[in-house]
Amino acid sequence: MITQEVVDLSRLQFAATAFYHFLFVPLTLGLSFLLAIMETVYVMTGKEIYRDMTKFWGKLFGINFALGVTTGITMEFQFGTNWAYYSHYVGDIFGAPLAIEGLMAFFLDSTFIGLFFFGWNKLSRRRHLLITYLTAIGSNLSAVWILIANGWMQNPVGSQFSYVTMRMEMTSFKELVFNPAAQAKFVHTVSAGYVTGSMFVLGISAWYMLKGRDIEFAKRSFRIAAAFGFASAMSVIVLGDESGYAVTEHQQTKLAALEGMWKTEPAPASFTLFAIPDDEKRENTAEIKIPYALGLIATRSANTQIPGIDELEARAVERIKNGIVAVKALEQLRAKTADDATKASFEEHKADLGYGLLLKKYTADVSLATPEMIAQAARNSIPKVAPMFWTFRIMVALGFSFFALFALSFWYSAKNTFQEKRWLLRWAVWFNPLPWIASEMGWFVAEYGRQPWTIFGILPTNLSTSTISVNSLYGSLAGFMFFYTGLLVVEMYLMFKYARLGPSSLGTGRYAGETAPALKSAQ
Amino acid sequence: MLDYETLKIIWWLLVGVLLLGFAVMDGHDMGVGTLLPFVGKNDVERRVVINTVGPHWDGNQVWFITAGCAIFAAWPLVYATAFSGFYWAMLVVLWALFFRPVGFDYRSKVADPRWRSAWDWGLFVGGSVPALIFGVAFVHLLQGVPFHFEDNLMPVYTGTFWGLLNPFALLAGVVSLSMLTFHGANYLTIRTEGDVQSRARTAALIFGTVMLVAFAAAGVWVSSGMPGYVITSVVDPGALPNPLDKTVEIQAGAWLGNFARHPLLWAVPGAGFAGGLPALLFAWVKKPVLAFVGSAVAELGVIGTAGVAMFPFIMPSSSDPRSSLTVWDSVSSHLTLEVMFWAALIFTPIVITYTGWAYKMMAGKVTNAYIESNDHSAY
């Protein structure tokens, strides 16, 4: 028996493990390309310091990568263990990009990451450089396929429902791959990863400079991170805007919620810079608005209207009513008691089948749904406004602040005066954790904003879980908390230990502390 | 365009290939993990053992992940039913696997012997526990799993975790654990020298023998009238998949039916012995490369035996036999199978080629001297 508690706990477990996994992904995406850039400079100039940079940042990369791999397996298992109905209902489409990801991308970066670490003395310089690039390309290709799968959850194209098999089936692989939602998400997500990688190198290098150690090493690392980070931060913002444009087309509910737009405004709508949204009263207080801005950004036109929450709910009511017809026809089709008229009626209403299924949360027999239930389901078809509103604004504000930091870092590294700007170096150190927060906020907006669906408009979250007991879920949640807390402590310990050791951890004898007795305290 | 029936059979074979790839590749480094605390008596020896698989374990693990994803994509109902039904078994495997990436990468980054010893045992758990549970879970497919479908095809499992641990299941666990450990011991014998090598060889002789005896015992068990499953309604292999559209009966000895109809299939369990026995002999006469090939063939025989005995069943239901999942009715749509088929056809040979190249680049013995001179970069 699937109770609301099973659904809530399954969501909590998935959200917690997915957020946790994504603590390690962005750094892998970004740092892998930074390693490739550093090694390219080494191969082109032959300067040993660049090889040392590649090796040292590679060591930190490895500490992070290990947990990325560990927590990634959880994600693969969890669709089956906790979201069995989801896996059955959409596995025909959703499983394919995951399997192709394994074959095309995950094998590539996992096979070559081993040669990256162990092949320094066994491979020629050029071959090793090729390996480093293949690792970076592999991890980024992984992101392509994962985001194609995720993009389909947001905007389910290229598929249709079959009542014989009782599931969604693929009708066009091409549409799945070239889903605009997936494309926009991919570039936005990997750019965010590049920003994270750049901030990581920038911040730790700045710390060495503030401490007055390993100056040459730190300066060169800082410069590369500043340049790569500057380009990436710009692309995050531009492509984030592209992602926003995609949101407006496919998921108007997400946009209305994250903008706190209760009523449809005359086009072009204004952008709410600040407000205190109230989900109960369905209004905002203390609003600061920029006229026309939202309409222009979101629709790229001056006269396309963006629907507000009230209007979207009214539309949902209609779709739910159609959905009831579809659900009832489907039940007859499954029981093989349907006549041709029922079949025709199912075909006519099947686009709204998912909306009919929303009612399953309130009644097992949707034909008995009361107008109150329909109104309730329509209201719940819009995600809660306040969490969406705030997480989105924090993410955007952080994105712009990263851009400012990288722009200044790039400017002063072009002028070669950054090492004297201690305020800039401190800023880089203190900002180090923030890209992770921005990434997690972004995922919150994307996934919480998709509620109450797992597949937008197709499959409600409430119907997606496995038939497992509440006790099993508490047990597994406790297990994940235990292992993930322990692993995070160990990972952070090693990360800090090796960041403090710096390039001296390579044991070359060329870096700070390697001959001085002060080393002991650093360890 | 290939027809639906052909694609269904191809995907049964391809899942078999991926599982075999997992056993041959990830299997040997799981075996190495299982043996680690026993064949390495001091820190340098243990680092030797770990570094034989250091550059490769991560790529090898992808066989496991890809096999899982391929089951998701090609047999979504199997993926949904097995993973949610075997909830606790899956979580124990998952949590045991946690110890591998971090164990390999973190172990030698801190010098404290307690830290290193803890991760060594972590790698032992990460190698041995999944190997054991895979066998236990696999044999439950032979025995039938208590599950049924609701009208909307929601899978409902009605067994318990402890119910998994019956004597036959434990015997199968011994088969899979000893098989992967045998394979890992052969690999270690190739890549090491001196004391570690001679201990690895001893381990190969022990686990190879255990595997052959346990596999033979499991064969006797199945052929002495163990109940199997038979489809009793007419099957249209090209039909749209619906697992509730058939009738199934439980019959004693039914798992021998395919062998009786097609005696050539006896070659599959035969491969288990035809690979395993020579592998044992080659380990004995110190030809570890041939022993490694032999243990890989044995894996083909063991995994293949379960597959051909059950065909077309993948996951029979003991509590509601008509819900049983088969090659015909638990698969994805025609288009998905076709797309995935081309993806597998193109990428699997590419993967095998660059994996081979990676092994070639890192070939040679891992020695104590290598560890001592690469203290900062080796695992």
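Colleague: Which residues do ring pairs link into a cluster?

Modeller: Ring pairs join A:Phe14, A:Phe77, A:Phe79, A:Trp83, A:Tyr86, A:Phe94, B:Phe22, B:Phe64, B:Phe72, B:Tyr79, B:Phe83 and B:Phe134 into a cluster. Rings of Phe, Tyr and Trp (its six-membered ring) pair if their centres lie within 6.5 Å; planes under 30 degrees apart count as stacked, over 60 as edge-to-face and the rest as tilted.

Modeller: Ground rules: this is a predicted model, where local features need pLDDT of at least 70 and side-chain atom pairs count only at pLDDT 80 or more, while totals for chains, interfaces and linings use all residues. Residues are numbered from 1 along each chain as its sequence is written, chains are lettered from A and ligands numbered from 1 in the order written, and side-chain values use heavy atoms, without hydrogens and water.

Colleague: How many aromatic pairs over all chains?

Modeller: There are 77. Take A:Phe33 and A:Tyr194: their ring centres are 5.6 Å apart and the planes stand at 90°, so that pair is edge-to-face.

Colleague: Where do A:Phe33 and A:Tyr194 lie?

Modeller: A:Phe33 is in helix α2 (residues 25–45) of chain A and A:Tyr194 in helix α7 (residues 180–211) of chain A, so the pair ties together parts 161 residues apart in sequence. Helices (H or I, at least four residues) and strands (E, at least two) are DSSP runs, numbered from the N terminus.

Colleague: Is A:Tyr194 buried or exposed?

Modeller: A:Tyr194 is buried, at 15% relative accessible area. Buried means under 20%, exposed over 50%, and partly exposed in between (1.4 Å probe, protein chains only).

Colleague: What about A:Tyr493 and B:Trp115?

Modeller: Their ring centres are 6.0 Å apart with planes at 55°, so the pair is tilted. This pair crosses between chains, from helix α18 (residues 470–501) of chain A to helix α6 (residues 113–143) of chain B. A:Tyr493 is partly exposed at 42%, whereas B:Trp115 is buried at 17%.

Colleague: Switching to charges. What lies over the face of A:Phe389?

Modeller: A:Arg393, at 3.7 Å from the ring centre. In chain B, the charged end of B:Lys8 sits over the ring of B:Tyr4, 4.4 Å from its centre. The test is NZ of Lys or CZ of Arg within 6 Å of the ring centre and within 35 degrees of the ring normal.

Colleague: Last one. Which strand holds A:Ile290, and how accessible is A:Ile290?

Modeller: A:Ile290 lies in strand β4 of chain A. At 37% relative accessibility, A:Ile290 counts as partly exposed.
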